[in-house]
4 protein chains.
Amino acid sequence: MSGGRREDPGRGTLAETTRVEAFSDGVLAIGITLLVLDLHSPEERGQFLSGLVDQLPVYVAYLASFVYIGVIWVNHHQLFTRIDAVDSGLLWRNLVLLLTTSVLPFPTSVLGNAFQHGDRHDQQVALVFYALVAASMCLSWLLVYRHLSAHEWLLAAGTPASFFVRERRRSWVGLAANAICVLVALWQPVAGLFVAALLPVFYGLTNAGLGSSARRSGGG
Amino acid sequence: MSGGRREDPGRGTLAETTRVEAFSDGVLAIGITLLVLDLHSPEERGQFLSGLVDQLPVYVAYLASFVYIGVIWVNHHQLFTRIDAVDSGLLWRNLVLLLTTSVLPFPTSVLGNAFQHGDRHDQQVALVFYALVAASMCLSWLLVYRHLSAHEWLLAAGTPASFFVRERRRSWVGLAANAICVLVALWQPVAGLFVAALLPVFYGLTNAGLGSSARRSGGG
Amino acid sequence: MSGGRREDPGRGTLAETTRVEAFSDGVLAIGITLLVLDLHSPEERGQFLSGLVDQLPVYVAYLASFVYIGVIWVNHHQLFTRIDAVDSGLLWRNLVLLLTTSVLPFPTSVLGNAFQHGDRHDQQVALVFYALVAASMCLSWLLVYRHLSAHEWLLAAGTPASFFVRERRRSWVGLAANAICVLVALWQPVAGLFVAALLPVFYGLTNAGLGSSARRSGGG
Amino acid sequence: MSGGRREDPGRGTLAETTRVEAFSDGVLAIGITLLVLDLHSPEERGQFLSGLVDQLPVYVAYLASFVYIGVIWVNHHQLFTRIDAVDSGLLWRNLVLLLTTSVLPFPTSVLGNAFQHGDRHDQQVALVFYALVAASMCLSWLLVYRHLSAHEWLLAAGTPASFFVRERRRSWVGLAANAICVLVALWQPVAGLFVAALLPVFYGLTNAGLGSSARRSGGG
């Protein structure tokens with residue numbers, strides 16, 4: 001939120017920043033909550049315990065995607081503390097970012113299903129599909145960062161150039177990690193699931209450090 | 001958001017504008033995110049790849065509707081930077097607009113299903129249905145614009161008359177485009193799907209230009 | 001939103017008012033949007049047209065509930081322009097109000113199903129059930145109004161006593177109307193559906209008048 | 001909301017507090033509203049009345065979870081009136097809290113299903129599962145309180161130490177109560193359902209008292 005420009009005469013600009021955040025928060029909050037709709041209650045009499053235990057891969061996929069969207073929200077949130085104005089280009093790139101994130105419940109569901117009901121080939125298909133969507137998320141972040149670098153007037157005063165260098169590097173690392181995830185999946189699907197589930201945790205950990213330093217420099 | 005009137009004594013008015021935006025953002029954010037619930041994971045062992053590939057028309061319908069709601073959100077957002085007060089008439093017309101938009105996941109689902117499971121006649125039915133809902137969205141925008149033109153005191157100072165002329169023209173073009181989409185669909189359903197999927201992109205492109213000029217005049 | 005008390009030292013109070021509105025807006029926006037999940041696409045090859053037409057009662061139920069939640073949102077919104085502070089009692093009564101509203105997609109689904117698949121008795125059951133939930137919504141409004149009348153310090157200065165007299169009368173009229181709806185349903189279910197669908201429209205119309213007068217006195 | 005720090009130069013900090021609340025409100029509002037998706041309309045001709053009556057345990061589970069999320073929202077809301085800044089640690093603990101809450105529709109569905117379709121063993125499994133999730137909610141609150149106690153600079157000035165003592169005690173009581181619920185369930189499932197359904201009501205009642213005193217001291 002562009003708190004420091006509250007009294008700015010450019011009213012359209014302020015409104016845009018606030019509403020883009022509100023809309024993005026809404027989409028991310030809904031996406032993260034809709035994930036639960038893929039957890040289905042057992043219905044067969046006498047089989048509730050096994051019905052719950054058999055869904056273990058579904059839970060892993062659920063947790064991975066929950067952490068993913070959570071991390072993306074934190075990222076998005078921290079990025080917008082550095083943005084003072086929104087132009088059309090940023091608006092559309094932000095929509096692409098929301099698209100790649102809000103579609104995540106679908107590959108999550110495919111992933112859980114493949115490891116619960118599918119064969120080895122199905123699991124590989126599901127992991128490649130999940131990695132593709134995760135990679136498209138990374139790409140959409142790169143689109144946003146590139147646009148901001150080329151339109152510096154959108155940024156809050158005092159945003160260090162190193163911010164974007166570091167964030168872009170994280171996106172490239174994410175792309176590489178998803179490529180590795182695909183390779184691992186082709187070799188051994190269960191190991192691929194393990195990599196896919198750890199990826200968002202890695203994102204979260206690298207973000208935490210960044211976040212606290214960003215806060216210190218911004219809020220001090 | 002009526003930022004410039006923050007200290008305005010008319011407290012009811014201010015509150016209404018802010019909350020109408022918040023509620024509309026909520027409905028649009030939920031609508032755009034619920035679209036994902038129509039993407040279903042394959043469940044048949046060994047058939048995940050074909051199960052995913054066969055849903056291609058479902059993905060097209062998903063993307064078209066995602067762009068539609070995204071464009072509508074951007075439109076809504078830009079319109080409200082020009083509105084300083086909300087009266088009952090605008091409140092109800094806004095609800096009609098939200099109705100036509102939030103029902104979109106239904107014709108989207110019909111469209112995807114028809115091209116995945118239906119015959120030629122089903123596809124035509126689905127395209128006509130989708131075009132009808134899209135046309136009703138255009139009509140609801142016209143209702144909003146007509147009301148605002150007749151109640152100029154609701155508008156922010158300095159809104160050029162040309163804004164509404166251009167926006168209304170876009171709505172009429174949208175109505176005409178949906179009529180064409182129906183004609184194409186009756187001739188060749190696949191071509192109709194193509195037109196239906198490109199329509200929101202066209203909207204987005206014409207909006208982008210408008211948006212950046214609006215921003216320049218509003219925020220400069 | 002308690003705009004006039006923005007600089008009030010009682011920070012807890014301000015926050016509560018704003019967040020209660022935000023949470024309520026969220027629940028109502030989600031409830032109104034989730035209604036669409038009960039509109040199901042036909043899936044049988046060659047039967048899409050009849051599949052869509054046969055769902056006519058489902059559409060009627062959808063529209064009625066959409067208008068209901070829309071009207072409730074407008075009511076809620078107008079009420080909170082008159083509220084400056086929220087205490088625990090109001091918080092819990094507001095949650096009851098949100099409960100009765102957010103459960104509405106369930107009786108809506110029952111109503112649509114009964115008129116599409118059920119017999120005369122099923123339709124009567126569905127109408128009585130729908131009327132019971134609608135009546136509980138009216139009751140929850142009465143709870144809110146009674147609490148506010150007994151805790152006048154929660155209200156914005158200058159709220160006329162006539163506001164609550166009129167609003168309470170509307171709630172009682174709503175209760176009576178739902179009782180009539182039940183009687184009509186027991187005599188002739190289709191006529192009962194007609195009454196049930198018109199009720200929210202009646203609410204909307206009586207609100208519109210109230211709303212514009214409230215706005216005039218509040219914003220003038 | 002950190003109303004008192006609106007003009008604070010630390011813009012990043014302010015934004016974080018506001019957006020964390022907005023995102024949390026969104027997730028909780030969606031979670032509480034998604035519960036309704038587990039209430040399914042009967043579809044068998046002539047059996048609507050019995051179809052509705054047979055779902056009684058589903059309604060009990062729905063109400064219990066609705067009150068749970070409602071109480072958690074009130075708690076969350078009151079807690080954040082006492083928080084002036086958000087660091088990464090609080091951000092992640094808040095995400096854990098949202099995770100344990102937004103997953104609640106799943107054990108709710110399992111609980112309703114077990115008492116409608118399952119045998120005695122299924123009901124015990126469902127109750128233990130529900131109690132585990134409820135206990136994890138209590139634990140996530142403890143994580144939040146512990147972090148805040150260790151990082152007092154995040155708190156609003158004037159927050160009494162007794163606030164956290166009391167809140168932590170409530171979390172421990174909640175943990176103990178869920179353990180008791182499990183024991184009762186192993187003895188007699190129906191009694192366990194009764195305990196599980198009353199627990200959130202107990203939370204609500206103890207919160208109400210706290211809330212009004214917090215309000216008095218904060219808003220006076």
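Both Glu167(A) and Arg170(A) are buried, where buried means under 20% relative accessible area, exposed over 50% and partly exposed in between, with a 1.4 Å probe and protein chains only. The model is predicted: local features need pLDDT of at least 70, side-chain atom pairs count only at pLDDT 80 or more, and totals for chains, interfaces and linings use all residues. Residues are numbered from 1 along each chain as its sequence is written, chains are lettered from A and ligands numbered from 1 in the order in which they are written, and side-chain values use heavy atoms, with hydrogens and water left out.

Glu167(A) and Arg170(A) form a salt bridge, with the closest N and O atoms 3.3 Å apart. A salt bridge requires a side-chain nitrogen of Lys or Arg within 4 Å of a carboxyl oxygen of Asp or Glu. The two residues sit in helix α7 (residues 161–187) of chain A; because they are 3 residues apart, about one helical turn separates them. Helices here are DSSP runs (H or I, at least four residues), as are strands (E, at least two), and both are numbered from the N terminus.

Arg170(B) is joined to Glu167(B) by a salt bridge, the closest N and O atoms being 3.3 Å apart. Both residues belong to helix α7 (residues 161–187) of chain B and lie 3 residues apart, about one turn of the helix. Arg170(B) and Glu167(B) are both buried. In chain C, the side chains of Arg170(C) and Glu167(C) meet in a salt bridge of 3.3 Å, N to O. Helix α7 (residues 161–187) of chain C holds both, 3 residues apart, about one turn of the helix. Arg170(C) is buried, and so is Glu167(C). Over all chains, the structure holds 4 salt bridges.

Helix α7 of chain C also carries Asn178(C). This residue is buried, with a relative accessible area of 4%. Leaving aside neighbours within four places in sequence, Asn178(C) is in contact with Tyr68(C), Ala131(C), Ala134(C), Ala135(C), Cys138(C) and Leu199(C). Contact means heavy atoms within 4.5 Å.

The fold was examined in chain A. Its secondary structure comes to 8 helices and 0 strands. From the N terminus on, the elements run α-α-α-α-α-α-α-α. Of the 220 residues of chain A, 64% count as buried. Among contacts in chain A with a separation of 6 or more, 77% come from residues 24 or more positions apart.

Asp87(A) lies in the loop between α3 (56–80) and α4 (88–102) of chain A. The residue is buried, at a relative accessible area of 6%. Its side chain makes a polar contact of 3.0 Å with the side chain of His147(A). A polar contact is a pair of N or O atoms within 3.5 Å; within protein, one must be able to donate a hydrogen and the other to accept it, and residues adjacent in sequence count only if both atoms are side-chain atoms.

Chain C can be laid on chain B with an RMSD of 0.0 Å by a turn of 90 degrees and a shift of 0.0 Å along the axis. That is the relation of a four-fold axis. The copies use different surfaces: 8% of the contact residues of chain C recur in chain B. Superposition was by least squares on the C-alpha atoms of residues with pLDDT of at least 70 in both copies.

Ile30(B) is placed in helix α1 (residues 11–34) of chain B. At 4% relative accessibility, Ile30(B) counts as buried. Not counting residues up to four places away in sequence, Ile30(B) touches Ile30(A), Ala29(C), Ile30(C) and Thr33(C).
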